[in-house]
Amino acid sequence: MIGRLHVLTDAAGGPPALEAVRAALAGGAPVVQVRTKTGTDRQRYAFAREVVLLCRAAGAQCIVNDRVDLALAARADGTHIGADDLPVEVVRRIAGPAHLIGGTARDPERALALVAAGADYLGVGPAFATSTKDGLPDPIGPEGVAAVAEAVRVPVIAIGGVTAERVPLLRKAHGVAVVSAVSAADDPAAATKEILAALAGRS
Ligand SMILES: Cc1ncc(COP(=O)(O)OP(=O)(O)O)c(N)n1
Ligand SMILES: Cc1nc(C(=O)O)sc1CCOP(=O)(O)O
Ligand SMILES: [Mg+2]
C-alpha cells in the first residue's frame with residue numbers, strides 16, 4: 001500500500017533538493033517522489049539513486065516521476081505517470097507486477113481509465129491553487145478530489161496547494177502530495193511532521 005504523505009523533490013534537483021529529502025525523511029515522510037525536470041539523464045539517475053538509498057535507509061517508499069527507465073535503473077519502488085508519459089499499461093508491462101504505478105487524474109473518467117490500465121494509486125488535483133507548476137487547470141477543490149476518490153477503489157493522493165491547514169478538507173483522500181509545503185519551509189522536517197499530524201488527526 002502506498003504511504004499517505006508524498007514529498008516531491010524540488011524540480012531543480014541537486015544538493016539543496018537532497019537536503020530537503022533528508023529533512024523530510026527525518027520528519028517521517030513515508031514516500032518521497034523524485035521529480036526532476038532538468039539535467040542530463042546521468043545527473044537525473046544519480047539524483048534518483050541517492051534518493052532511493054536515503055529512502056531505503058529510512059524505511060520509506062521512493063517513486064520516480066515521469067520516467068520508468070530511471071525508476072527501474074535507480075531501483076525505485078514505483079513510477080508516477082502523467083498525461084505526456086508512457087501509457088500506464090506500457091509501464092506495467094515494462095516494470096512488472098510489483099512496481100508501484102501512480103497516474104494523474106483530474107476527473108472520475110480519467111481515474112477509471114488509469115485504474116483499468118493498471119494504476120495502483122492516483123494523484124488527483126490541483127486540489128487548490130498553486131504556483132509550483134505552470135499550465136495547470138483550475139483547482140478542482142476538495143469536492144473534485146472526493147468525486148474521484150468515490151469513483152475508484154485505489155488510494156487517491158490529493159496534490160496542488162496542499163498545506164497542513166488544508167489537510168482536514170481532504171477527508172476522502174487516502175493521502176496528500178506536497179512540494180512547497182516541505183521544500184520551501186524554513187524547517188522541512190517540522191513541516192513534514194505537521195502534515196503527518198494533520199493526516200493522523202483526520203479520522
Ligand atoms: C502524487 C502525484 N500526483 C500528481 C502528480 C503530477 O504528475 P504529472 O501529471 O506527471 O505532472 P508533473 O509532476 O510531471 O509535472 C505528481 N507528480 N504526483
Ligand atoms: C507537480 C504538481 N502537479 C499537480 C497536479 O495537479 O497535477 S499540482 C503540482 C504542484 C504541487 O506543488 P505544491 O505542493 O507546491 O502546490
Ligand atoms: Mg510527471
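Which residues surround ligand 2, and which of them are the closest? The shell holds 15 residues, and the closest are Gly125, Thr130, Thr132, Val179 and Ser180. A residue counts as near a molecule if its C-beta atom, placed from the backbone, lies within 6 Å of it.

Some ground rules. This is a predicted model, where local features need pLDDT of at least 70, side-chain atom pairs count only at pLDDT 80 or more, and totals for chains, interfaces and linings use all residues. Residues are numbered from 1 along each chain as its sequence is written, and chains are lettered from A and ligands numbered from 1 in the order in which they are written.

Confidence next. pLDDT is the predictor's confidence in each residue, from 0 to 100. The protein chain averages 97, and 100% of the residues score at least 70. The model has an ipTM of 0.99 and a pTM of 0.97.

Back to ligand 2. Its shell splits into seven nonpolar, seven polar and one charged residue. Here Ala, Val, Leu, Ile, Met, Phe, Trp, Tyr, Cys and Pro are nonpolar, Asp, Glu, Lys and Arg are charged, and the others, Gly among them, are polar. Pro126 sits in the loop between strand 6 (121-124) and helix 6 (141-151). Helices (H or I, at least four residues) and strands (E, at least two) are DSSP runs, numbered from the N terminus.

Now ligand 1. It has 15 residues around it, with Gly82, Thr104, Gly123, Ile159 and Ala177 nearest. Strand 5 (100-105) and strand 7 (156-159) are the elements that give two or more residues to this shell. By class, the ligand 1 shell has four nonpolar, eight polar and three charged residues.

Next, Asn65, in strand 3 (residues 61-65). Why is Asn65 counted as buried? Because it has 23 C-beta neighbours inside 10 Å. The cut-offs: 20 or more other C-beta atoms within 10 Å is buried, 12 or fewer is exposed, in between is partly exposed, with C-beta atoms placed from the backbone. Asn65 and His80 are 15 residues apart in sequence, yet 4.6 Å apart C-alpha to C-alpha.

Most residues other than glycine have a negative phi, and most peptide bonds are trans. Asp66 has phi near 75°. It lies in the loop between strand 3 and helix 3 (68-73). Arg75 has phi near 60° and counts as exposed, with 12 C-beta neighbours inside 10 Å.
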